Structures are given as structure tokens and as C-alpha cells.
Amino acid sequence: DACADIVIPFGSVRQGRDAAPSFMPGGTVANTASGLGRLGVACSFLGKAGRDYYGRGMKEALERDGVDTTRFTLREELASVQILVVIDEANERFPFLMPREAPSHLALFPEDLPETLLEQFDMVHTSGLMLFEDPAASSVCGFLEKCSRAGVPVSLDINLRVETLEKDRRHLYRAMDCAAYLLGSAADELMPLTGCGDAESAARCLVTEKRTVVSRLGAEGACVYTPTETFRCGGYPVRVADTLGAGDCYNSGF
């Protein structure tokens, strides 16, 4: 998942502060890879974008952060995904995706994810945003199942969004079955996914003998639930600039 975030700071303008729209490389998996690269962790990003201004910008930004981009393919026939993100007065984000049909990040096929990759990596991380539309959904699930059989740990950020809440979750559940680590926002993802009315119940019902669940609690910090233990960590007091990519940064650190 890699996209171009076109950030429109509507809230700042409403509050009388000088602000202009900006382009920032984004996408939840690309953001997590970027964070890992900045932390000095050897990692590689696999995905697709257009061979255009935004695609080149995303690839160059990942490389600057120390990410291997040899598997990040830019194609002439694809248009890089653009997310118009309006930041409101409370610094919350409201996204709008283009193109609406056949976005570039979902153009992943089984041949893009060969089994030989399993010999090259210690862990694989992906996002629920890849699991609601084919060809990416089927291709990614097939690859994660190969990871699971080969003993390569899978980390999955659920990433439910307003636009995916009502979509078929068949592929998401397939991917969850492969995940050694399941990460998500308690209020926005774990609770809606499970139907549980509180964060702890939602996280606990997703834990299995082979799966650890990481519940992000915003300003309150996070909880990690393993089959036998629970770990709690409070949040750090910070000044919120905006919440765009906050969960992705957390994933990198975790």
C-alpha cells in the first residue's frame, strides 16, 4: 500500500493560520517501511505505482529513508493513487481517493509475489487496505498463506476504514488466519470488527494460540495481548500536529 497524500489543512485556514496544501508520500505499509528504515532496520517495500510525478516521489522518499525499493515497481500504464486528505479544526483527517477504479496499489498478481521471496525475509508486514479488492486481495492472501506454512511470521494492520467497513471481509479473515501479530486501533478497528463493546474484550476475542493482538488506544497508549500475558503501556504527552500516519509510526516502533 503506497499512495500520494495531498494534504489540505482546512482547519488551520479556518483558525486564521497560514497553511498551504502539500504532497507527502503515504500509504500505511509504505509509511511503516519508511519508519523501519529511519530506525535502521533493513527492510524492503514491495508494491506498484505509476511512473509519474507521485510514483517517483514515493520511491525516492522510501530510498532516502533507507528502504530497499527494488521490488517497488513503477508502471507507465498505471496512475499513482492520490489521497486528498482534509485536516479539520481538531486535526482529524478526512480522505478522498483517486482513481476510484483500478487503483495502482491493488494491481498485484501472484507472479509479483513469488515463493522465492520467502527465503529472503525474516518477517512480512501488510495492511487490510490490500484485502478488499482483487487482484491484490487474492494475491496477497495466497502469499501470506505460503508465509504461514513456511514459518515466516506475518504482521497485519487491520486498517478498517469508512470506505471498507461494509465490504466483504472474506480475504481479511484469510489474512488474519495467517497473522502472528494483528495490529489495530481499538475504537476504530478492533471493536467494529468484532462487535464487542469495549476495547479489552475486542482484543481478547481475537487472540489465538498463534496470534498476538496489539490494541492501539490513541492518547492512552497501547495494550498487547498474547495467549498467556497482557502488556500495557501508557501514551506519551505530545502536541498533536495531525493524526495522519500515526498508527503506521506505531507499527514501525512495535
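**Terms and values**

Reply: Gladly! Let's start with Thr32, which sits in helix α2 (residues 28-38). Helices here are DSSP runs of H or I with at least four residues, strands are runs of E with at least two, and both are numbered from the N terminus. This is a predicted model, in which local features need pLDDT of at least 70, side-chain atom pairs count only at pLDDT 80 or more, and totals for chains, interfaces and linings use all residues. Residues are numbered from 1 along each chain as its sequence is written, and side-chain values use heavy atoms, with hydrogens and water left out.

Me: Why is Thr32 called buried?

Reply: Buried means under 20% relative accessible area, exposed means over 50%, and partly exposed lies in between (1.4 Å probe, protein chains only). Thr32 has 4% relative accessibility, so it counts as buried. Leaving aside neighbours within four places in sequence, Thr32 is in contact (heavy atoms within 4.5 Å) with His125, Asp248, Asn251 and Ser252.

Me: And what makes Thr28 count as buried?

Reply: Thr28 is found in helix α2 too, and its relative accessibility is 4%, so the buried label applies. Not counting residues up to four places away in sequence, Thr28 touches Asp1, Ser127, Leu129, Asp157, Asn159 and Asp248. Thr28 and Gly245 are 217 residues apart in sequence, yet their C-alpha atoms are 6.9 Å apart in space.

Me: Asn159 is one of those partners. Is Asn159 buried or exposed, and how do you know?

Reply: Buried: Asn159 has a relative accessible area of 2%, so it falls under the cut-off. Asn159 lies in the loop between β8 and α5, and its phi is near 50°, a positive value in a residue other than glycine. Most residues other than glycine have a negative phi.

Me: What about Ala102, buried or exposed?

Reply: Ala102 counts as exposed, because its relative accessibility is 65%. Ala102 is placed in the loop between β6 (93-98) and β7, and its phi is also positive, near 50°.

Me: Which peptide bond is called cis, and what is its omega?

Reply: The bond joining Asp134 and Pro135 is cis, with omega about 10°. Pro135 is in the loop between β7 (124-127) and α4.

Me: What makes a set of residues a nonpolar core?

Reply: A nonpolar core is a set of buried Ala, Val, Leu, Ile, Met, Phe, Trp, Tyr and Cys residues joined through side-chain atoms within 4.5 Å. The largest one has 35 residues, and Leu156 and Leu172 have the most contacts inside it. Elements that each supply at least two residues include α4 (136-150), β8 (154-157) and α5 (170-178). The most comes from α4, with six residues. A second, separate core of twelve residues includes Ala33, Phe45, Met58 and Leu74.

Me: Why is the protein called as compact as a globular protein of its length?

Reply: The protein has eight helices and twelve strands. Its radius of gyration is 18 Å, close to the 18 Å from the globule rule for 254 residues, so it is as compact as a globular protein of that length. The radius is taken over C-alpha atoms, and the rule is 2.2 Å times the number of residues to the power 0.38. Along the principal axes, the C-alpha trace spans about 50 × 40 × 35 Å. Of the 254 residues, 45% count as buried.
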